[in-house]
Each structure stands twice: as structure tokens, then as C-alpha cells.
Amino acid sequence: MSDGASPLESVFTYAAPALKFGRGAATEVGYDVRGWGARRALVVTDPDVAAAGHAETVADSLRAHGIEVVVYDRARVEPTDASLIDAVDFARAESGRAGIDAVVAVGGGSSIDTGKAVALLLTNPGDLMDYINAPVGKARAPERPVLPLAAVPTTTGTGSESTTICVLDVLSLKVKTGISHPALRPRLAVVDPSLSATQPAGVIAAAGMDIACHALESYTARWFADQPAKTAEQRVPYCGSNPISDVWSERALGLLAGAFRAAVRREPGDPDAPADPAAADAMALAATFAGLGFGNAGVHVPHANAYPIAGRVRDFRPADYPGQEPMVPHGMAVGLTAPEAFRFTFDAAPQRHLRAARLLAGATDASAAADGPDLLPTVLVDLMRDIGLPNGLAAVGYGAGDVDDLVAGALQQQRLLATAPKDVTAEDLAGVVGASLELW
């Protein structure tokens, strides 16, 4: 009992997709999808992944097993409601012509999230806004089974191949939100490090911060048994930190300690070289482990802050990302307030923050820093500086006058803030955001 009045939770849940991991795994997708009885599959990808040949590798595997392939290659990096509607309209037209019975998403989290929206809306009535989380949308639950989805990530970090979330920007409201339902979890995750090893250093750095924050936030999330008891129908995928998600998060942090800097590092004069193979494999495994952890425990303050940071971008253009549109990549947006967020949450779970810091630091000098609320922020700032991330929110175009607006956007993410290890007020977020304008 929490205070003698209301019972506390005694149950946690865990779910994950089937997983196939290793170099060459992408060439086996056809075998697995054929096993579902699929005869016509929609491959969802983006123009750059298509140009790199990764989508064609997967399509060839599907064709080799007798599956007709339709390709949608217009997935947008950082999806919007408009881009998802475009994908759904394309898929509905193709389904009406000859049927589609499986979706295969090849790309970063943006392509996978686009695939989730397609898989949902090909079998369920209504439009996109019906299913988007309240209060932005109607938070409608699927009435019918979604199409089976195989997710083949080509970046290491988003964890979308493991999760129940589809994230998007609603352009008219300048807000980043999502669709959240257990039915959106892919049936199969195919993680092939030979695909992600070709990412440029800037993409590895930003996406890798997403891995780190997935692991850190799920590990420091409110413990499942410290939350009010729920009935079976009230349970949601994010149930708080728990004994199973902890295992995945700890292992992800340990892998990052040994691989992150090496994966980003390039030989002088050869910035386009692929990542070190051992480091690339370890990053892919870390991303998988972190996804299996946070996809059940949840994330909290850094991810809540990241939505308005990405959604309200003005003219920042990150290195190594395709196209010329302003954007703050998701992992970068998450990382920019993480040091201060964990300084704020430290007193709710000191030992967890300290252990997480030591796991992530590995053998770096920061691991010798004094115990206390500064340890994890110090480890994170040292890492961010080493991998070339911007020095705080000011470096991506925000100033002191933007703090209130960013806080208002973060407060809309109550689904995430509810997982924080302590209650979070607007004043708390203003302190975190304001202190994140410059990190070093």
C-alpha cells in the first residue's frame, strides 16, 4: 500500500518482437515473411536508403521466395502527418488494386514508423488523426488486427523495430506526437549491422544518443511497483522500470561504453569510411537491447523535451543528414537536455543514476568523478563532446526566450512524463531546459 489508502502495482508486463540479428540477416527476410503466408508485400523506405540499395536487397529476398513486391520510397525523415497520409493513401490504392498482406519497413525509425501507420490503417477504418494520442488526436484503438510488419533498421538508435510507438509531427500544430498501441509492435525485427555500418559519423552520433537515452531513461524510470495498481484493461506498454527491462538497459550501456566513440571516429581525411566493423556490430546490438528495455519500461523527461525541440526547429541543419530542410534529429534532440534532466531526477533514485553513469563511462576518466548528482551529467557531456554533438540548445537555434514555449510542448507529453521517477512540474522543466542552452 502506498499511503494506507491506495494499493500499489504488483504486476509488470514484457513483450518483444521476434528477432533476427547478424550480418546477412536482411537477405533472409523473404523466408520469414513467406512463412506468414504473405503473397504481396509493401516495402516502405526512404529515397536515400533506396539509393544505397538496402531496400532492393530486402525486395530481392522477398521476390526470391515468391512474394510480389510493391515499393513505397517516399518515407520522410522525421515523419509528419502529411507524409504518413501520403504513404497510407499509396498503400490503400495498391491494396485495392491487388491486395497487400504484409509490410516490410527498411530504413531508420522514420521508415519503420511510416510502416507502422500503413500497417494500422490498411486494415482499420478512419484516418490518421483518429489514432493519434489524445489530446492532439482521438486515441482510437485498432478494431481489427493490423497487417504483419517486418522492420529492418538501417540506423542504430531509434529502437522502433521493438516498440509500440509511431512518432510524427502534426504540421498545423507544430507539435510532435504519436500513435501508441501494442498492436503497432512489429512482428519481426531484422537487425543487420552490415546495413547500419554505412551510416555517416553524424548520423551515428545522433542516433547513438537515442540508444544511450533509451537505456538511461528506462533504467531510471519510476519503478513499476511504485505506481498505482492497474486493472488488466488499464495496462499500457510503458510499465516503468522492472527486473527484465533493467537487464537490457544495463547491457546496452555497457556496449555503448566500449563502442560509441569508436563507431563515430573516422580516419583523418576519410570521413566517408564505414564505421569500424566491431564497433558497428556492438552499436547495433546496443540499439536492439535498449529497444527491448525501453519498449516496455518507457522513457521520460529527455524524450518529452525532445518533441518540441524537434518540432519547433527554425533553421538548424545537422551535418551528414540528407536534404536541406531544417531539422534537429530525434536522438540529438533527446540528448541536448539529458544531462540536466538526469541532474533533476537524481534524488529520486541515486543508486540507479550512479550505476548507469559508471556503466556508460566504462574506463573513461569520468568514471572516477565523485558520487553525486553531477556524475551522470558529467559522463554524458564528455560523451557528447567527444562524438561531436552540439553544445546545448543554443547551438541548434534556441535562446532564453524559447524556454517557455519548449516547456509548453514538453508538458503535452504526459504519457512520457508519467514514467519519470518523480513528479515533473512546468517549473522543473523550465529549469532543465534553461540550463541546457549551453552544456560545456
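Which side chain meets that of K422 in a salt bridge? The partner is D347, with N and O 2.8 Å apart; a salt bridge here is a side-chain nitrogen of Lys or Arg within 4 Å of a carboxyl oxygen of Asp or Glu. K422 lies in the loop between α17 (414-417) and α18 (426-435) and D347 in the loop between α13 (338-345) and α14 (350-361), so the pair ties together parts that are 75 residues apart in sequence. D347 counts as exposed at 53% relative accessibility (exposed is over 50% relative accessible area, buried under 20%, partly exposed in between, with a 1.4 Å probe and protein chains only).

This is a predicted model, in which local features need pLDDT of at least 70 and side-chain atom pairs count only at pLDDT 80 or more, while totals for chains, interfaces and linings use all residues. Residues are numbered from 1 along each chain as its sequence is written, and side-chain values use heavy atoms, leaving out hydrogens and water.

The whole structure holds 28 salt bridges. One of them joins E9 to R235, the closest N and O atoms being 2.9 Å apart. E9 lies in the segment before β1 (18-21) and R235 in the loop between α8 (201-220) and α9 (243-264), so this pair links parts 226 residues apart in sequence. E9 is buried at 7% relative accessibility, whereas R235 is partly exposed at 28%.

V146 sits in the loop between α6 (128-131) and β5 (149-153); helices (H or I, at least four residues) and strands (E, at least two) are DSSP runs, numbered from the N terminus. Beyond its neighbours within four places in sequence, V146 contacts A119, L120, T123, N124 and A183 (heavy atoms within 4.5 Å).
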